[in-house]
Amino acid sequence: MMERTESACFHCGEPVPDGVSLFVLRDGQQKPVCCSGCQAVAELIFSSGLGRYYQFRQDLGRKAEEDLEKDIEAWRGCDDRQSLWGAELADGKRDLLLQTEGIRCAACAWLIRSHVENKPGVDSVQVDTATGYTRIIWRPDDNHLSGLAAALMELGYKPHLPLASAEEQGRQEERRNSMKRLGVAGLGMMQVMMYAVGLYAGDAFGIAVAERSFLEWVSLMVTLPVLIYSGRIFFEGAFRSLKAGSPGMDVPVALAISLAFIASCYNFFTGKGEVWFDSVVMFIFFLSLGRHIEMMLRHRNLQAGAALARLLPEWAERLTDDGRETIPASDLADGDRVLVRAGESFPADGALDSGATEVDEALLTGESRPVARGAGDLVIAGTINLSQPVEMTVTASGQETTVSALGRLLLLAQSRRPSSNVMPVWLVPVFIVAVLVIAGGTWLGWQLVDPGRAFAAMLSVLVASCPCALSLALPVVYAAASRRLLDEGILLTRGEALPALTQTDTVIFDKTGTLTSGQPEVVAIQINPQRPEISEQRALRIAAALEIASAHPIAGAFRWDGAENGTGANKPLVAEKITIHSASGVSGLIAGAAWKIGKAGFVPNPSAAATDNDDSIWLADDQGWVARFELQDSLRPDAEFTIQQLKRQGLELAVLSGDSRKAVDRVADRLQISDRAARQTPEMKLARLEELRNSGKHVLMVGDGVNDAPVLAAADVSMTVKGGAELANSAADMILTSESLELVNKAIHAARRTRELVRQNLTWAVMYNASVMPLAVSGMLKPWMAALGMSLSSLLVVANASRLVKRNTENPAL
Amino acid sequence: MNMLYVLIPLALMLLAVAVWALVWAIRSGQFDDLESHGWSVVLDDDQKPPPHPDDDKEEEKK
């Protein structure tokens, strides 16, 4: 089930980095964990007696944050406004809905319930594993919002205040209403079917007239409320589409239901002829069931969309008189000043105060080329600051930002029925008119031959023609596919990527952060012998100060952890006028002196050493090089396996990297990828991609960095791996949400499987409708058979699609 | 066959009760999460979290 190697973290399953030896005690055994965050979570789970979580979970935990205190601190900022979120209940309790990242299976739900319900002030906790929402009923007198958030974070989950809780409430209402309609129709159907058995038996063996009409009368009494309550949506849908001038699928459905009902009533009251109450309720029930399943799939699908619609960063760094504070971005007020680092998104609309930077506004304009923005220029929340840390003054925040409006529009668009690609929009009315004409023709034809059967035959045509299966065939498969991908840890952001993925024949990988884990560490420091006044410690501190604003993976190696050396003398240095030179390095001023840090080509250095050790990072001031840092970046644990699998499928593989020849060779040799290129600028990568595409290849690009964004946007299909730059994520079709490269393989499998299912569904739906129509016209198909056949056909399509949602572990055939 | 005139109305009354019960259950959110509650049978029983000193209400609720 769960693959966990010896060196994998006990909690989250990620590889334990070299040099980390943290453990938790379980049943007297030392289990390795990857970081202090996961250790704290696992220890808390065991010490609260919730250790069974590990036994029953179906999926590994989310990698825990190491620095909880910072997040909790940010949440505390919301405490005095906690009444803004959630609803007030009776006796002062509150109902809070938190979107919770990391909920993966029922064991998570149990863990959260057991832990959070024990917190003071918490009345009850409900976790929806399908949608990732946690609902907490709590008493504000005994706890705070931050206390609730902290309880979730302690377990390694990440709560978010829902941006669109009103929409989610609306969707929940929609789900409940649909369930009520379905339940009423189902109960009604059971009753009416039971009476129908009596009536059919009466036809065969004889029945008293009084009893017959009593059974028919009871059937009518049960059918009527079902028709009014559960069937209403079809009438409303038909009415809406007629009013809009383009009759939709609901029209023949509503017509069939109402004709069958009215004719049955007429026959009942005149006392002659058949009644079709059983067909009416059965038709309503199965149609409601199909709609319900489709809606559930769509709603689950929306969660992925909702997660992605969170384009705004959660927190903002507000500049105050005493320094900086981290507050929720939604709490920014007009006139606040905010620091935005390079690689981060702007938390609000506003004007730049200082600095000059490049901004990616692809989000709004679709233009992937960065735009230069200087002091006084307006920036839009959600766009990405590319090159320089800048300060801005907020002019609009939270729900008022341009992008929030855009997000609402997006959600609205998504919540519409997934458009059926099978039938072009103009064809639908044509189809409906054709059905009505055939139905009318059938009635006329039978009038000439045998008037007694004319009505039943027409009814059968109306019911049999319903192309429900056809119109469901594509949307349900895509909805199910994106759900399946989400289960695997892949967020699908563009539906069309799935068909494109099945055609892929070439995969291009970025190296740093994609094939490798992208978290380099300083393994050795060499100080220039002519500059002995600089200690290793000091060199590191300078490097940390320079790299603080950079989002490049290399910068992570230089994070200065001031807490480790708690003495005042070791306070982090502050660099000014930091400039990030894309793909080469960073320069800035520290205490008035100019410093540079970066690759060999960017920083002056002794050339002999440079050729020797190409991928070192050099630190220099204006008098020359000061220190050389040797960094190492390890291959992702499952990279070799994944590459082999991809090769076995006959895919061509290539590595394009901005890194040095030596570093690229080291990785490509181990993975046995011969097509490789080092020292690639984004332009060169793009050119290579164009070249491949011009030669007729379909390219999948897997990357993670800011420099990959243009290539990601240009490739046929693109994926980013976990921890990728936000810019890269926004350009990608799929985002891999766990650190496993194997997901690339799984995504390709899922896409192929999807294509197969779409074909099956379409074939079935077209065949069914085509073959059943002549039967209906010829009167061989009774209305109840048509209703059953149509409904079963739709259900088959939905059931076929839902085969995708099943997990690999349960169904090895997938 | 006269029993029909008694039994069917009785069945209809039961139907009304069933519909009411279903609607009540849906309204109170019992169908919102169909996955995790099945697990609580396996998970909850033998290992109880150690009772919090300030959390005696837990017992009253159950």
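This is a predicted model: local features need pLDDT of at least 70, side-chain atom pairs count only at pLDDT 80 or more; totals for chains, interfaces and linings use all residues.
Start with confidence. Chain A has a mean pLDDT of 76. Of its residues, 78% reach 70 or more. The elements of chain A span a range. Helix α7 (residues 209–229) of chain A has the highest mean pLDDT, at 92. Helix α12 (residues 402–415) of chain A has the lowest, at 49. Residues 409–423 of chain A stay under 50 throughout. The model still gives that stretch 27 contacts beyond four places in sequence.

Turn to chain B. Its secondary structure comes to 3 helices and 0 strands, and the order from the N terminus is α-α-α. The chain has 62 residues, of which 21% count as buried. Chain B exposes about 4,700 Å². Carbon and sulfur atoms supply 67% of that area. Part of the surface is a nonpolar patch formed by B:M3, B:V6, B:L7, B:L10 and B:M13. Together these residues have about 490 Å² of accessible area. Take B:L10 as one of them. B:L10 is found in helix α1 (residues 4–27) of chain B. Its relative accessible area is 43%, so B:L10 is partly exposed.

Back in chain A, look at helix α20 (residues 639–648). Its buried residues are A:A639, A:T642, A:I643 and A:L646. They cover an arc of only 100 degrees around the axis, so they sit on the same side of α20(A). The cover over these buried residues includes β18 (506–510), α17 (511–515), β25 (652–656), α21 (661–671) and α25 (742–777) of chain A. Just after α20(A) comes A:G650, with a positive phi of about 80 degrees.

A:T357 lies in strand β12 (residues 357–360) of chain A. A:T357 counts as buried because its relative accessibility is 4%, and the cut-off for buried is under 20%. Beyond its neighbours within four places in sequence, A:T357 is in contact with several residues, including A:L352, A:V371, A:R373, A:N385 and A:V390. A:N385 is 28 residues from A:T357 in sequence. In space, their C-alpha atoms are 7.0 Å apart.

Now the charged pairs. The whole structure holds 20 salt bridges over all chains. In one, the side chains of A:R135 and A:D95 meet at 3.0 Å, N to O. This pair links distant parts of the chain, 40 residues apart. A:R135 is in strand β6 (residues 133–138) of chain A, and A:D95 is in strand β4 (residues 94–101) of chain A. A:R135 is buried, at 14% relative accessible area. A:D95 also counts as buried, at 15%.

A second salt bridge joins A:R232 and A:E236, with the closest N and O atoms 3.4 Å apart. Both residues lie in helix α8 (residues 232–243) of chain A; they are 4 residues apart, so about one helical turn separates them. A:R232 counts as partly exposed at 41%, and A:E236 counts as partly exposed at 37%.

A:R337 lies in strand β10 (residues 337–340) and A:D353 in strand β11 (residues 349–354) of chain A, so the bridge ties together parts 16 residues apart in sequence. A:R337 counts as partly exposed at 34%, and so does A:D353 at 30%. Elsewhere, salt bridges that share partners join A:K93, A:D123, A:R139 and A:D142 into one network.

Technical notes: Residues are numbered from 1 along each chain as its sequence is written. Chains are lettered from A and ligands numbered from 1 in the order in which they are written. Side-chain values use heavy atoms; hydrogens and water are left out. pLDDT is the predictor's confidence in each residue, from 0 to 100. Helices (H or I, at least four residues) and strands (E, at least two) are DSSP runs, numbered from the N terminus. Contact means heavy atoms within 4.5 Å. Patches are made of residues with over 30% relative accessible area and no salt bridge: like charges are joined within 9 Å, nonpolar side chains (Val, Leu, Ile, Met, Phe, Trp, Tyr) within 5 Å. Accessible areas come from the Shrake-Rupley method with a 1.4 Å probe; for residues, only the protein chains shown count as cover. A salt bridge is a side-chain nitrogen of Lys or Arg within 4 Å of a carboxyl oxygen of Asp or Glu. Buried means under 20% relative accessible area, exposed over 50%, partly exposed in between (1.4 Å probe, protein chains only). The arc is that of the directions from the helix axis to the C-beta atoms.
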